[in-house]
Amino acid sequence: QETEQQNQSDNNTLGTLVISSDDLSESSNKIEENKKTNNLLPEEEFQIAFDYLRTSKFVKAKSSLETFIMNNPSHVLAGSAKYWLGEINLLKKEYREAALVFAEGYQKYPTSIKSPDNLYKLAEALSQIDKINDACNTLKKFAKEYINHKLINKTNNMIIELECK
């Protein structure tokens with residue numbers, strides 16, 4: 001048994017640091033994603049990330065969306081990529097991170113088709129971390145800027161639910 005542990009140790013160590021294949025998979029996935037995306041059009045790169053998202057491969061989706069934004073920070077789809085990154089954080093119940101991502105998406109990409117969605121989801125994330133006043137201010141901003149948006153009814157309902165003044 002000791003020899004078996006020693007063999008495993010020899011295969012999985014770097015000095016005295018034990019490295020599992022799980023530790024390596026995320027960074028190697030990013031390297032693979034970068035290799036794969038070098039020759040793609042931005043729209044194709046975004047579609048790959050979105051396909052990962054649709055098939056619930058959230059780690060790959062997150063990595064692909066981050067790579068897309070890094071490679072194409074001023075592309076028309078960058079705001080959408082930020083939105084979907086925020087959604088992944090919401091799904092994982094990482095509300096603080098989601099709030100940061102949605103806020104950045106709204107601020108950096110104000111003309112994005114997902115700009116209103118980023119603002120609404122920012123309010124949702126803020127309410128989850130008990131930043132009710134900030135959530136209310138965000139909802140009021142949404143109601144003022146996007147009076148005819150598909151999320152206006154949800155926005156107004158959340159304003160009532162949170163008892164915004």
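## Aromatic pairs

Rings of Phe, Tyr and Trp (its six-membered ring) pair if their centres lie within 6.5 Å; planes under 30 degrees apart count as stacked, over 60 as edge-to-face and the rest as tilted. By this rule the count is 7 aromatic pairs. Phe46 and Phe50 form a stacked one, 6.2 Å centre to centre with 15° between the planes.

This is a predicted model: local features need pLDDT of at least 70, side-chain atom pairs count only at pLDDT 80 or more, and totals for chains, interfaces and linings use all residues. Residues are numbered from 1 along each chain as its sequence is written, and side-chain values use heavy atoms, with hydrogens and water left out.

## Phe46 and Phe50

Both residues lie in helix H3 (residues 42-54). Helices (H or I, at least four residues) are DSSP runs, numbered from the N terminus. Phe46 and Phe50 are 4 residues apart, about one turn of the helix.

Buried means under 20% relative accessible area, exposed over 50%, partly exposed in between (1.4 Å probe, protein chains only). Phe46 is buried at 9%. Phe50 is partly exposed at 24%.

## Tyr120 and Phe142

The ring centres of Tyr120 and Phe142 are 6.3 Å apart and the planes stand at 65°, so this pair is edge-to-face. The pair links distant parts of the chain, 22 residues apart: Tyr120 is in helix H7 (residues 115-128) and Phe142 in helix H8 (residues 132-145). Tyr120 is buried, at 6% relative accessibility. Phe142 is buried too, at 0%.

## A ring cluster

Ring pairs link Phe46, Phe50, Phe68, Tyr83, Trp84 and Phe102 into a cluster.

Notes: Helix = DSSP H or I, 4+ residues; strand = E, 2+ residues; numbered from the N terminus.
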